[in-house]
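Here are my notes for a colleague who is opening this entry for the first time. Please read them beside the structure.

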Amino acid sequence: MIHIENLVKRYGSFVALDHLNLQIQEGEIFGLLGPNGSGKTTAICCLLALLKYDKGQITIFGKEMQPDRYDIKKDIGVVMQNVAVFEQMSVWENIDYFCGLYVKDKAKRRELVEEAIRFTDLEEYRKARPKKLSGGLLRRLNIACGIAHKPRLIILDEPTVAVDPQSRNKILEGIQELNRQGSTIIYTSHYMEEVEQICSRIAIIDHGRVLATGTTEELKNMIKTGETITIEAVAADEHLLEKLQTLPHVFDISYEKQVLKIRLSSGRHNLVRILNFLTEQDISFGRVFSELPTLNDVFLEITGKKLRD
Amino acid sequence: MLFLFKYRFLQTVRDLPIMFWALAFPLILATLFYFSFGRAGLSATGESKWEAVKVCVIDHSPAFSSFLQSMDGDALNILPSASEKEALQMLDEGTIAGIYYAGETPSLTVGRNGLNESILTTMLDTYNQNAAILKKIAETHPENLPAAIQSSQDYRQLVYETTLGGETLDPSVQYFFALIAYACLSGAFLGVRASFDSQANLTALGARRSVTPTHKLTLILIDMLVLVTIHFANIMILTIYIGNVLGISLGTDYTSLLLVNFMGSLIGITMGLAFGSLTKLSLNIKMSLTVVITLLPSFLAGLMFANMKNIIEQHVPFINRINPAAVLSDAYYCMGVYQDMDRFVRCIVTLVIMSILFLTAAFLGIRRERYDSI
């Protein structure tokens, strides 16, 4: 559905997009995961033909995207990172206005607006002006304005920034519902939990480059970490840490404030082996956790830094 | 497309800070001008109510008395007095400006020097001159006396005080023309705000509107149409307020007035659109600068100091030719005072050219669909 090939965007000497390549299939919820400033929004703006780019090609629905490709634009819905509504118009009027830029038929538009209001749970606030809405409600209005015309492709650029957990869950559920109704979704975020929760495929992006693409499982399988074992209240010394490092599958150890964190590659009985070793060494310890790798681990291993750095 | 018109209209008229600058502020200024200049202007031109000169008449020779009686209630207000003593007391108190002695030889006593006293003196002199002429005619050509008497009564006013167009002489009106010109330029506030909503590199709203399948030029044209309509209504409200509520005469050529008001609205809006679209500044900075770009031309056109336009005309007339506020106030003056059609047409043509230039600049600035940075 969407092909981005070798996209390069420079701001002077700064390279915002460095030969970015993406393929997005119809029906996906495609996550663009990366820290702030990694190039997610720039990629979206290029995709929407808002930004000039230096090199590369973008096709949507099999057609080359250009600013005057209104036939493509009519099937796209956009929810910008910043709330984009008219302060002087009510919830209903805002949705009707933006829907009207896509749908000319008045009766059909009325139906679509009502549906969008129900979908975003804004029935109580249809006459309210944006100033009267909380941050979460405002985000929902922002989404309603972008999706009311039922587009084939919906692009959501960090729609949950500065949203309370309850509203965030509602928004995420809504996005999944839109996908079930047939829309392809591109979802950018720096919240890995959200991306992991809703996206069927993910591209990890940093410094304007795609570092890895795949499903959550595929991404996790790409990295060395198979398991992270955390042991609290343990008194370890240099000697003990060196010995631990020699155990099978262990490839990284960190020890800070009496908390021992051991990262291991995939293998059977890793936890049992570690605990037996500590018992043999007569080392007492407190609580023990074992975690499977997260996207944060994936990002950490691929980029060498935490996602929210 | 009607819904686009409707929503842009609602969005604009509900934007109270913008409407304050575009409508309320000129109305407030007009009221302040009225109290500052309006009343002074009316009395300076003699349009205020004339008070007849109070006077007493002692003795009653038939000829002079009847002459004075014919002036009573018009130029004179003859107060009854019982005696000369009483009349002199009234003169001392300042109740009357003078005492006419209508004896064999008419005479006048006044208490001080002033306009009223001069009027009384002039009237006595006129009577004495006419009496002397008639006496001489009676002595030399008695047969012509009836015709001479008839002629002396046939008073004709040979000098009329009027404007070239016969419209208004109120000197304060130039302030009100400059004010309407300023109000027209205040449409720039509406234009700047609207241009902000169309630029994807400045606002999320601009970006959202830019990614829709509605052609950007359609959006810009509808925005402009709505804004010109709203601002034209603003200017008409101001004009009606000045003309009908404050009672300042702006002329009677209503067709021309509508034309200048429309051109003024157009130039204000297009100036704002051009300024808003050609600069990449925050909305607050743009709005602050809009105060400057509307007030400065208005100041040069005589909004705060009426003679400013004349000073510029003497030293750098080119400024008056390119200053939209000066051209607008000139157009109002041509229409309301001079009735100079050639100059009026020249002003309108200048305004049309300016509007086209501003509009072209605005289109070039806003119609851009891809940006270097967002």
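This is a predicted model: local features need pLDDT of at least 70, side-chain atom pairs count only at pLDDT 80 or more; totals for chains, interfaces and linings use all residues.

1. Is Phe61(A) buried, partly exposed or exposed? Phe61(A) has 15 other C-beta atoms within 10 Å. Burial takes 20 or more and exposure 12 or fewer, so a residue in between counts as partly exposed. Phe61(A) is therefore partly exposed.

2. The backbone of Phe61(A) deserves a look. Its phi is positive, at about 55°, although Phe61(A) is not a glycine. Phe61(A) sits in a loop of chain A, with strand E4 (55-60) on one side and strand E5 (63-64) on the other.

3. Turn next to Asp282(A). Here too phi is positive in a residue other than glycine, with a value near 60°. The loop that holds Asp282(A) runs between helix H10 (270-280) and strand E14 (288-291) of chain A. Asp282(A) is exposed, because 6 other C-beta atoms lie within 10 Å and 12 or fewer count as exposed.

4. Now the domains. Chain A is assigned domain 1 (2-220) and domain 2 (224-292). Taken over C-alpha atoms, the centres of domain 1 and domain 2 of chain A are 42 Å apart.

5. Last, the contact between the chains. Chain A gives 26 residues to the contact and chain B gives 23 residues. On the side of chain B that touches chain A, helix H1 (2-13) and helix H9 (204-210) of chain B each supply at least two residues. What is the make-up of that side of chain B? Its residues divide into twelve nonpolar, six charged and five polar.

Notes: Residues are numbered from 1 along each chain as its sequence is written. Chains are lettered from A and ligands numbered from 1 in the order in which they are written. Helices (H or I, at least four residues) and strands (E, at least two) are DSSP runs, numbered from the N terminus. Domain bounds come from an automatic or database domain assignment. Two residues are in contact if their C-beta atoms, placed from the backbone, lie within 7 Å. Ala, Val, Leu, Ile, Met, Phe, Trp, Tyr, Cys and Pro count as nonpolar, Asp, Glu, Lys and Arg as charged, and the others, Gly among them, as polar.
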